[in-house]
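Here is a briefing on a strand with its neighbours, and on a pair of helices. Keep the structure in view as you read.

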Amino acid sequence: MKYPVGIQSFEFIRRGGYVYVDKTDVIHHLVSSGSYFFLGRPRRFGKSLLLSTLEAYFQGRKELFDGLAIDRLQPDEWESYPVVRIDLSGQNFNSPGEFTHYLKGYLEDIETKFDLNTFAEDISTKFRRIVQALHAKFNKKVVILIDEYDSPLTRNSSKPALQEEIRGEMQGFYSGIKPLAEHVRFCMLTGVTKYGKLSIFSTLNNLDDISFDEAYSSICGITDSELREYLGDGLNRLARKYSLPVEAAYQKMKDYYDGYHFSEKLIDIYNPFSVMSALSKERLGEYWFETGTPTMLVDFLRNPQKEIPELSGIRVRRETISNISLFQPQFVALLYQTGYLTIKAFDAERDRYTLDFPNREVRLGFFSSLLPIYAHLQRSETDSVSENILDAILEGSPEKLISCLSSFLASIPSGLHKHTGKYESHYQLILYLLFRLIGTSVSVEYQTSDGFIDILIKTDRYIFLMELKVDGTASEALAQIEEKGYPLPFAADSRTLFRIGISFDSKTRRINDYLIG
């Protein structure tokens, strides 16, 4: 079987004999139920392939859909429409004027393709005239497909001035779409992030956001039934490769790549890129993470003043995760929209979602990928030290643990965190990521009746209670543990409890002192 790893062209997949997981019944429902849509999904989740499929459908290329569900649902001749498709995913737009120049060139290519000349210089006017001219030329309404609309903003999250320039240009560009309603048959925008309080969506207030709709929860990604129907042969080969029963191979795939939910009905969705990669290579791995970490998330984590909450079992309202502020993004919303967290439960009475990591690939990949980014180390360096740290925790040896942590922190070049080393949260985040990477049960800012424990680690036999200080003393840290009564919630616990006070030096960025009580 041929697996379309990274292939985003519907025509290429169909003509090339690649596996295609049939989504055309959902697409048929979509195109029959409205005209203006927005869909948010994580990267590498099939958004570009969806738009490519829609493009082929609206171009009336019925032969490409032979044998698919939509061929049965719409057996008569198909009407064709002029399609304007714009892809914003492949550029960084990291200099002033680059976004406008790129988009203007894109529109000029569309003019050339359809033999048009709008005689307009600014991108908003040019786009509006293109749509009007296409409607007049073909006597057919126009289809507008915009892929990764948010990419220019997200890629420049660390450059507020440039981001504001791009936002202004995007506002002008998208503001021209709504007045074109009489010329438009269908319009769809896709992206990873939906920026709330951004004039794009206030201007395009006729966009139907289907990101949480049950009817479209599986429009991208692979369901369990689709995995078995379309990819059963590959799973059989994977089972033989690992010397497993077929059902055990299914379960491994589920543990690694399933677990995404995009509606309150909690329909299980597999990551399509990872599934296709694993079957193509006949090996389970962290394929999604190998393609990179979103720039905006990295920039957020590198901000030393950001507090990192406990990531498992977070309860939020839908409004919290459906929009992100462009200028002050919320960490939990950012993690949900970029695919690191997903909906795991829904409380209808309280209208609350419970969020967690979707699967093994994301949980392991999140910590193993972000720790090197934040600590400025190669992943191989963190892999070796993490084993020693895990041994110290499982053995109940706080002295060995501190020794390993000291070596780990000392390996980070001081110049690479010279602007963050004065913040307690900097060390708290590094240790949190490290402890989560090795699979321990760790909490940060664990709330008690009289305060918050900086770091709390629990195993079957031991509890490690840590208080961190920067330019303070280990004695002060240990005294705070006792003064605040942090051990009291564990007084009846049979496990051995270690009270650990750690002092960091903001100049050397290393552990200066520690005490164990």
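Why is strand E14 (residues 496-505) largely enclosed by the rest of the structure? Seven of its 10 residues are buried, so the rest of the structure largely encloses E14. Buried means under 20% relative accessible area, exposed over 50%, and partly exposed in between (1.4 Å probe, protein chains only). Helices (H or I, at least four residues) and strands (E, at least two) are DSSP runs, numbered from the N terminus.

This is a predicted model: local features need pLDDT of at least 70, side-chain atom pairs count only at pLDDT 80 or more, and totals for chains, interfaces and linings use all residues. Residues are numbered from 1 along each chain as its sequence is written, and side-chain values use heavy atoms, leaving out hydrogens and water.

**Strand E14 and its partners**
- E14 pairs with strand E13 (residues 462-470) in the parallel sense, over nine bridges. Two strands pair if DSSP finds at least two bridges between them.
- Lys469 stands opposite Ser503 of E14.
- E14 and strand E15 (residues 510-516) run antiparallel, joined by six bridges.
- Ile502 stands opposite Tyr514 in E15.
- E14 and E15 form a hairpin with four residues between them. In the turn, Arg509 has a positive phi of about 60°.

**Helices H10 and H11**
- The axes of helix H10 (residues 224-241) and helix H11 (residues 246-257) come within 10 Å and cross at roughly 115°. Axes are lines fitted to C-alpha atoms, for helices over the stretch in contact (heavy atoms within 4.5 Å). Angles run from 0 to 180 degrees between N-to-C directions.
- The contact includes Leu227 and Leu235 of H10 and Tyr250 and Met253 of H11.
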